[in-house]
Amino acid sequence: MPKNSKAVKRELDDDVTESVRDLLSNEDACDDSFKKSSLIVNNHEGEGKECDVEEGGSDAEEEERPAWNSKLQYILAQVGFSVGLGNVWRFPYLCQKNGGGAYLVPYLILLILIGIPLFFLELAVGQRIRRGSIGVWNYISPRLGGIGFASCVVCFFVALYYNVIISWSLFYFSQSFQQPLPWHECPLVKNKTSTYVVPECEKSSATTYYWYREALDISDSISESGGLNWKMTVCLLVAWSMVCLAMIKGIQSSGKVMYFSSLFPYVVLVCFLVRSLLLKGSMDGIRHMFTPKLEIMLEAKVWREAATQVFFALGLGFGGVIAFSSYNKRDNNCHFDAVLVSFINFFTSVLATLVVFAVLGFKANIMNSKCVAMNTNKILTLLGSGILEQNLIPHHMNLTQVNQVSGEDYHKMIDHIKGVKQDKFESLGLEACSIEDELNKAVQGTGLAFIAFTEAMTHFPASPFWSVMFFLMLVNLGLGSMFGTIEGILTPLIDTFKVRKEFLTVGCCVLAFSIGLLFVQRSGNYFVTMFDDYSATLPLLIVVILENVAIAWFYGIDKFFEDLKDMLGFTPYRFYYYMWKYITPILLMVLLCSSFIQLIMTPPSYSAWIQEEAIEKTLRFPPWGIVVCISLVVMAILPVPVVFGLRYFNIISENTSGLSTVSYKKGRIIKETARPEEDDDASLIHGKSPSEAPSPMPGNSIYRKQSGSGGTDVDTAPNGRYGIGYLMADMPDMPESDL
């Protein structure tokens with residue numbers, strides 16, 4: 001049980017012990033008389049102690065649980081958490097790689113079979129139990145309490161490197177206020193005799209050089225630390241300061257920031273879409289995206305990648321979804337929220353993909369024009385040397401005006417030359433210059449955002465403005481996800497250990513920044529790749545499988561449906577019953593096994609940038625790197641077996657610190673865990689009858705103080721515990737049957 005769940009005992013004419021379901025169903029989260037009421041606990045020395053009664057029945061000493069200021073604020077928080085950088089740079093890449101528009105079919109199917117049911121499940125348990133992930137899973141089953149701790153560990157790992165990506169975006173944002181943009185052209189090196197282009201840039205491209213050399217100043221391998229990159233260190237400090245300031249007051253501060261951080265990216269995406277559609281070649285990119293390659297849908301890899309994307313797009317398993325929903329009213333329609341946020345996430349991914357492919361189509365046309373011009377010059381050279389004859393060139397083409405040669409004319413000319421010079425064509429060194437080939441160059445992640453997109457923006461009119469908007473959008477998308485990730489750490493720890501939010505937030509951010517210095521070394525990008533690949537995928541899959549199994553099989557799917565009916569006011573579709581109990585766990589197990597097999601078959605490796613050759617090479621992690629990869633997975637999952645073992649062998653009692661579990665049905669208590677020798681005011685049900693309960697301490701009495709009233713009425717608890725979760729004052733309309 002969560003420590004701050006309460007025993008509810010009332011003395012009217014008879015002593016009545018209510019079931020948890022009756023207690024929760026009667027509670028009105030909006031009732032001001034309930035929220036503003038407080039308890040006066042008098043000890044035998046006559047000193048009074050005033051304690052706030054929290055909505056939902058928390059500890060007497062604890063303040064009332066915060067709540068969202070509005071439903072819109074809550075929806076924006078969930079959207080901000082689920083819609084992140086992956087929607088902008090991973091979903092378009094997966095579309096490009098897995099059949100274009102055909103990829104949307106498996107994605108939608110798996111969104112319905114895995115995404116929405118699991119998202120609904122996390123929203124429901126958080127809203128019902130009103131605790132973070134640790135408290136929720138302790139309540140469901142103390143032996144599975146490690147699930148909540150595992151979620152916190154994964155959240156911390158992800159927060160470490162995710163904020164580094166925000167710091168990269170901040171750096172590019174700060175550099176975008178220049179005309180021309182600093183990555184527009186390769187830098188020149190001057191010496192006493194000549195001026196020449198930096199060789200590393202000449203071999204790659206201006207945007208690639210700027211990313212690897214100017215921004216990251218990257219080393220050649222993960223083993224070469226190279227020291228701290230001071231520019232990125234400052235940006236990381238700014239990023240963590242922003243997160244700390246936004247989170248320090250909990251949802252009261254972060255909720256207000258959500259209005260901007262969640263909505264601004266949509267403004268930018270729409271502006272980018274309108275602008276990119278006016279550019280030459282944008283429709284080529286969109287046509288490429290929506291041209292389905294249906295045969296690819298038969299490959300198992302496509303379905304596995306779609307399932308993984310659904311899984312991470314909604315933020316399942318992190319605990320952020322549970323934490324945000326725990327601040328909701330109990331009668332909030334979380335089923336509607338689950339469907340709404342899931343489809344907002346999906347349509348955001350489609351919108352971002354439209355923008356990316358429109359811009360990439362524009363870039364592909366520019367690159368194709370450069371290719372045509374370069375190869376036309378080659379043909380002119382071949383004509384001058386006599387290798388090619390003039391009659392191979394169509395009469396209507398004027399090769400002296402290289403920039404006037406269209407792609408269509410160039411392809412006709414190449415086809416004609418290829419037909420005549422079949423044996424010698426390859427030796428001529430002429431390229432096909434196809435827009436499709438440019439669009440098929442799969443770019444994902446940082447390569448898409450910091451190389452491909454930045455290169456395209458250099459060709460935009462007023463490019464600094466669009467660069468500022470783009471990287472400000474990335475910062476906002478990242479912050480929205482960071483708020484949910486940090487909330488997934490803070491809320492469970494605050495609920496469990498009762499520390500002050502401000503101290504814990506500052507301490508967490510300082511610790512994360514200190515560890516995050518690992519990622520702003522010159523080799524830091526390789527550690528980001530390591531954490532991204534190994535600290536989240538397998539651990540989160542295992543966490544979500546355990547969450548699903550805990551609800552469907554340990555807690556009981558029938559009992560959970562009764563809870564949902566009681567909370568929502570209607571019975572959810574039977575579809576969810578079969579999904580939670582059978583289909584979704586099976587699909588998750590298949591996904592886990594395939595991910596595990598892929599992990600074993602693919603040796604741990606990373607893409608390293610080799611400065612001298614100016615190319616990326618795939619290198620294997622050194623032995624110590626493989627140990628770190630394995631350690632990340634083990635550390636994330638370790639809390640689950642550790643807590644289970646401690647509970648199973650009674651090293652830690654299942655109701656220590658009030659974290660006991662109560663099973664109940666409507667109207668009667670099934671299992672009771674309170675101990676008479678423990679004065680545990682946090683257990684959910686004190687199932688002792690008055691005759692069995694220990695006698696109250698002499699002189700101890702509990703009073704109810706009504707807000708706005710001058711007097712107090714004695715309300716003696718039969719067993720001497722501070723077990724008052726309801727205050728009957730100012731509730732004249734409550735039906736007698738509910739009392």
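Predicted model: local features only at pLDDT ≥ 70, side-chain atom pairs only at ≥ 80, totals over all residues.
1. The link of cysteine 371 and cysteine 433 is left-handed, with -75 degrees about the S-S bond. Cysteine 371 sits in helix 16 (residues 334-385) and cysteine 433 in the loop between helix 18 (425-428) and helix 19 (435-439), so the bond ties together parts that are 62 residues apart in sequence. Cysteine 371 is buried, at 13% relative accessibility, and cysteine 433 is buried too, at 7%.

2. The whole structure holds 2 disulfides. Another one joins cysteine 186 to cysteine 201, with an S to S distance of 1.9 Å. Its torsion about the S-S bond is about -80 degrees, so this disulfide is left-handed. Cysteine 186 is partly exposed at 23% relative accessibility, while cysteine 201 is buried at 1%.

3. Now for a cysteine without a partner: cysteine 244 is in no disulfide, and the nearest cysteine sulfur, that of cysteine 509, is 4.2 Å away. Cysteine 244 counts as buried, because its relative accessibility is 13% and buried means under 20%.

4. Valine 83 lies in the loop between helix 3 (71-82) and helix 4 (85-89), and its contacts include Asn345, Leu477 and Ser481. Serine 481, in helix 21 (residues 463-497), touches Gly80 and Val83, among others. Valine 83 is buried at 5% relative accessibility, and serine 481 is buried at 6%.

Definitions and conventions. Residues numbered from 1 in each chain as written. Heavy atoms only, no water. Helix = DSSP H or I, 4+ residues; strand = E, 2+ residues; numbered from the N terminus. Buried < 20%, exposed > 50% of the residue type's maximum accessible area, 1.4 Å probe, protein only. Contact = heavy atoms within 4.5 Å. Disulfide = S-S within 2.5 Å. Lists of a residue's contacts leave out its neighbours within four places in sequence.
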